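My notes follow, entry by entry.

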Amino acid sequence: MKLVFAGTPEVAVPALDALIASGRHEVAAVVTRPDAPAGRGRRLVASPVAERAEEAGIEVLKPAKPRDEAFQARLREIAPDCCPVVAYGALLPKSALDIPAHGWVNLHFSLLPAWRGAAPVQHAIMAGDEITGASTFLIEEGLDSGPVYGTVTEEIRSTDTSGDLLTRLAFAGSGLLAATMDGIEDGALTAVPQPADGVSLAPKITVEDAHIDWSAPALRVDRVVRGCTPAPGAWTVFRGERLKLIQAKPVPDRTDLAPGEIAAGKKTLHVGTGSYAVELLWVQAQGKKPMAAADWARGVRIASGERLGA
């Protein structure tokens with residue numbers, strides 16, 4: 001089939017690579033978000049998908065909005081059979097959805113209908129799910145509600161951050177998306193409507209969502225830290241300033257600390273929660289680089305009884 005691939009961040013690149021390498025389909029063009037300011041100089045930078053497409057000599061389309069008439073006119077000229085999508089980052093109007101013969105097929109990083117929305121991986125970790133996966137589905141005007149072509153499953157490990165899990169799903173999902181394109185071309189795949197039961201929503205994680213509540217159980221604290229790493233980054237307050245929490249682990253055999261209470265050892269930094277303690281492993285103070293939590297604690301000279309939290 002002739003394909004136009006839509007995607008923007010690094011997590012979409014493995015799927016683009018899989019389609020380019022398949023040898024079976026032609027990636028005629030790529031649709032991505034416009035160049036965005038990045039770095040200290042706020043210089044405009046192309047998206048990772050745009051950079052990969054340019055390396056491969058593929059036409060890149062960067063509409064400000066997918067409803068732009070010039071973009072849709074160019075899409076009709078290309079006349080794609082199907083438009084595979086991975087983390088494109090903009091809502092597609094019906095006028096664009098109707099252009100490819102086989103529609104727009106999204107690779108979504110959850111087992112639909114669970115975790116529809118912008119942050120499925122983060123929500124799966126924060127909810128304590130043991131299994132997640134990726135789904136390919138036909139995009140409709142509703143939020144991730146279209147019929148599903150196929151799925152792959154992935155175990156959520158006890159130490160997974162959202163970055164770790166998303167990386168694995170990006171590669172597993174790239175094979176699923178390529179296989180879905182093959183099945184659509186062959187006529188061997190039929191999209192199956194999602195069940196009405198089991199729907200859960202995964203809106204974008206806000207900075208406030210990433211604020212640690214030390215009165216919550218240790219497992220909840222651990223899940224929020226892992227789910228919010230690398231972005232937006234779990235955080236707490238120490239001496240009136242934000243402290244980013246990069247890595248932590250539960251310590252079930254320590255129950256003598258009040259919520260937020262800090263106990264600094266020579267090589268450890270424990271903090272009380274609503275159940276048992278957690279050990280902070282890596283932190284980042286405001287304006288500083290990430291560092292081992294025990295080293296940070298030595299530097300700030302924590303007094304007996306000091307606490308984390310507002």
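How many disulfides does the structure hold? I found 0 disulfides, a disulfide being a pair of cysteine sulfur atoms within 2.5 Å.

Before going on, I noted the ground rules. This is a predicted model, where local features need pLDDT of at least 70 and side-chain atom pairs count only at pLDDT 80 or more, while totals for chains, interfaces and linings use all residues. Residues are numbered from 1 along each chain as its sequence is written, and side-chain values use heavy atoms, with hydrogens and water left out.

**Entry: cysteines**

I then looked up burial, which counts as buried under 20% relative accessible area, exposed over 50% and partly exposed in between (1.4 Å probe, protein chains only). Cys 82 is buried at 0%. Cys 83 is also buried, at 0%.

**Entry: helix α3**

Next I took α3, residues 69–78. Helices here are DSSP runs of H or I with at least four residues, strands are runs of E with at least two, and both are numbered from the N terminus. Which residues of α3 are buried? I listed Phe 71, Gln 72, Leu 75 and Ile 78.

What do the buried residues pack against? They pack against β1 (2–7), β2 (26–31), β5 (59–61), α4 (94–97) and β7 (104–108), with contact meaning heavy atoms within 4.5 Å. Just after the helix, Ala 79 takes a positive phi of about 55°.

I also found a salt bridge between the side chains of Glu 69 and Arg 76, at 2.6 Å from N to O. A salt bridge is a side-chain nitrogen of Lys or Arg within 4 Å of a carboxyl oxygen of Asp or Glu. Arg 76 is partly exposed, at 42% relative accessibility.

**Entry: β7**

I followed β7 to Asn 106, which is found in that strand. Asn 106 is buried, at 9%. Leaving aside neighbours within four places in sequence, its contacts include Val 85, Val 86, Phe 137 and Asp 144.

How many salt bridges does the structure hold? I recorded 17. One of them joins Arg 24 and Asp 186, with the closest N and O atoms 2.2 Å apart. Arg 24 lies in the loop between α1 (13–21) and β2, and Asp 186 lies in helix α6 (residues 162–186), so the pair ties together parts that are 162 residues apart in sequence. Arg 24 is partly exposed at 37%. I also noted a network of salt bridges that links Arg 24, Asp 182, Glu 185 and Asp 186.

Then I looked at Asp 222 and Arg 226, whose closest N and O atoms are 3.1 Å apart in a salt bridge. They are 4 residues apart in helix α7 (residues 218–227), about one helical turn. An α-helix has 3.6 residues a turn, so residues three or four places apart point the same way.

**Entry: rings**

I found 1 aromatic pair. Rings of Phe, Tyr and Trp (its six-membered ring) pair if their centres lie within 6.5 Å; planes under 30 degrees apart count as stacked, over 60 as edge-to-face and the rest as tilted. Phe 238 and Trp 296 have ring centres 5.1 Å apart and planes at 75°, so the pair is edge-to-face. Phe 238 sits in strand β10 (residues 234–238) and Trp 296 in helix α8 (residues 293–300), 58 residues apart. Phe 238 is buried at 7%, and Trp 296 is buried at 5%.
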